[in-house]
Amino acid sequence: MRPLHGMILGLSLLALFGMSTGCQSHIGGQTLPSGYYLHDDVQYFAPPSSNTLENESVTLQRRGDT
């Protein structure tokens, strides 16, 4: 095998390995997700709403509007 073919094969394998990894990247000030972001666990849970229907009905009953 010629040295040039070995170098091309090595660079091709390196490029293939680099494209197959799933890591975050920072480009232009943005954090871009990995290739596995759809399989990640949820890290944010929104707080419960303070305007639920139950709270509204209790408030209306206290006022005597019902």
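Accessible areas were computed by the Shrake-Rupley method with a 1.4 Å probe, and for residues only the protein chains shown count as cover. On this basis the chain exposes about 6600 Å², of which carbon and sulfur atoms supply 60%. The structure is a predicted model, in which local features need pLDDT of at least 70 and side-chain atom pairs count only at pLDDT 80 or more, while totals for chains, interfaces and linings use all residues. Residues are numbered from 1 along each chain as its sequence is written, and side-chain values use heavy atoms, with hydrogens and water left out.

The mean pLDDT (the predictor's confidence in each residue, from 0 to 100) of the chain is 75, and 73% of the residues reach 70 or more. The secondary structure comprises 2 helices and 2 strands, taken as DSSP runs (H or I of at least four residues for helices, E of at least two for strands) and numbered from the N terminus. The elements follow the order α-β-β-α from the N terminus.

Of the 66 residues, 2% count as buried, that is, under 20% relative accessible area, with exposed meaning over 50% and partly exposed in between. Met7, located in helix α1 (residues 3-20), counts as exposed because its relative accessibility is 51%.

Key: Buried < 20%, exposed > 50% of the residue type's maximum accessible area, 1.4 Å probe, protein only.
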